[in-house]
Amino acid sequence: MSASDMQIRAARTDDAAGIAALLQAMGWFKAYENRTPAQNTEAVRTLLAGAEAAPERSLLLVAEDAQQRLIGYCAVHWLPVAVLQAWEGYVSELFVAGQARGAGAGSLLLNAATEAARQRGCCRIWLVNNRERPSYVRGFYSQQGWAEQAEMARFVLPLNT
C-alpha cells in the first residue's frame with residue numbers, strides 16, 4: 001500500500017462502524033472495553049452527526065485504502081485564542097490502523113488537517129501526543145515538521161465521575 005492508493009475525505013455518519021472498529025482495535029481506550037461493537041458504533045455515529053451539524057467547530061477526516069476500507073481517522077477543531085488575536089486548529093485525534101502504519105495515511109491526514117487550518121485562517125495548529133505511543137517514539141510528528149513544546153504542561157480535569 002502506498003500513499004497514492006489512499007484517499008482522504010470528510011467523515012460521514014456511515015463511517016461510524018469503521019471508526020469505532022479502528023479505535024477498539026487500538027486497545028487503548030476504556031470507553032471501548034466494556035461495550036459491544038454496536039454500542040461503540042452508535043456512540044461514534046452520534047459524535048459524527050454532531051460534527052456534521054456544526055462544521056464551523058470541527059472537521060473529522062478519514063483515510064481509505066484503494067478498496068475503500070477505512071484505515072485512518074483524524075479530528076481537528078477550531079479554537080479562538082484571544083491572546084493571539086487569532087484562531088488555531090487543534091488535532092484531538094489521529095489514528096491509523098496497525099496494518100496501514102508507515103504507508104503514509106497519517107501524513108496525509110495530518111496534511112489535510114493542516115491545510116484545512118490554513119484555509120480557515122488559523123495562525124497555528126497543535127496536538128498532544130502521549131510520549132509512550134509508537135508515533136511519539138518513532139518521531140512521527142517531528143518528521144512532519146512539528147516541534148514539541150517542552151516548556152508546556154498538560155493539565156486535565158475529568159468532568160465525568
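Predicted model: local features only at pLDDT ≥ 70, side-chain atom pairs only at ≥ 80, totals over all residues.
Residues are numbered from 1 along each chain as its sequence is written, and side-chain values use heavy atoms, with hydrogens and water left out.

Secondary structure elements are DSSP runs numbered from the N terminus, with helices being H or I runs of at least four residues and strands being E runs of at least two. Five strands form an open sheet of mixed pairing, in the order 1-2-3-4-5, where two strands count as paired if DSSP finds at least two bridges between them. Strand 1 and strand 5 are at the edges with a single partner strand each, so one side of each has no neighbour in the sheet. On average, neighbouring strands of this sheet are turned by 25° against each other, direction ignored. Axes are lines fitted to C-alpha atoms, for helices over the stretch in contact, and angles between N-to-C directions run from 0 to 180 degrees.

Strand 2 and strand 3 run antiparallel and are joined by seven bridges. Within strand 3, G72 is the bridge partner of A63. Strand 4 and strand 5, in contrast, pair in the parallel sense over four bridges. V91 stands opposite L127 of strand 5. The covered face of strand 5 carries I125 and L127, while R124 and W126 are on its uncovered face. Helix 1 (residues 16-26) lies across strand 2, strand 3 and strand 4, and runs at about 95° to strand 3.

Nonpolar cores were defined as sets of buried Ala, Val, Leu, Ile, Met, Phe, Trp, Tyr and Cys residues joined through side-chain atoms within 4.5 Å. Buried means under 20% relative accessible area, exposed means over 50%, and partly exposed lies in between (1.4 Å probe, protein chains only). The largest core has 22 residues, of which C74, V91, A113 and I125 touch the most other members. Two or more residues of this core come from each of strand 2 (58-64), strand 3 (70-81), strand 4 (86-96), helix 3 (105-119) and strand 5 (124-127). Helix 3 supplies the largest share, six residues. With residues up to four places away in sequence not counted, A113 touches L61, C74, V76, W78, V91 and I125, contact being heavy atoms within 4.5 Å.

A search of the whole structure for disulfides (pairs of cysteine sulfur atoms within 2.5 Å) found zero. For C74, the closest cysteine sulfur is that of C122, at 13 Å, which is too far for a bond. C74 is buried, at 0% relative accessibility. The sulfur of C122 has its closest cysteine sulfur in C123, at 7.2 Å, also too far for a bond. C122 counts as buried, at a relative accessible area of 15%.

Salt bridges were assigned where a side-chain nitrogen of Lys or Arg is within 4 Å of a carboxyl oxygen of Asp or Glu. This rule gives seven salt bridges. In one of them, R9 pairs with E64, with the closest N and O atoms 2.8 Å apart. This pair links distant parts of the chain, since R9 is in strand 1 (residues 7-10) and E64 in strand 2, 55 residues apart. Both partners are buried: R9 has a relative accessible area of 12%, and E64 has one of 8%. R9 and E64 also belong, with D15, to a network of salt bridges.

Another salt bridge joins the side chains of R12 and D14, at an N to O distance of 3.2 Å. R12 is partly exposed, at 39% relative accessibility, and D14 is exposed, at a relative accessible area of 53%. The side chains of R45 and E42 also form a salt bridge, at 3.4 Å from N to O. These two residues are three apart in helix 2 (residues 37-53), so about one helical turn separates R45 from E42. R45 is partly exposed, at 32% relative accessibility, as is E42, at 44%.
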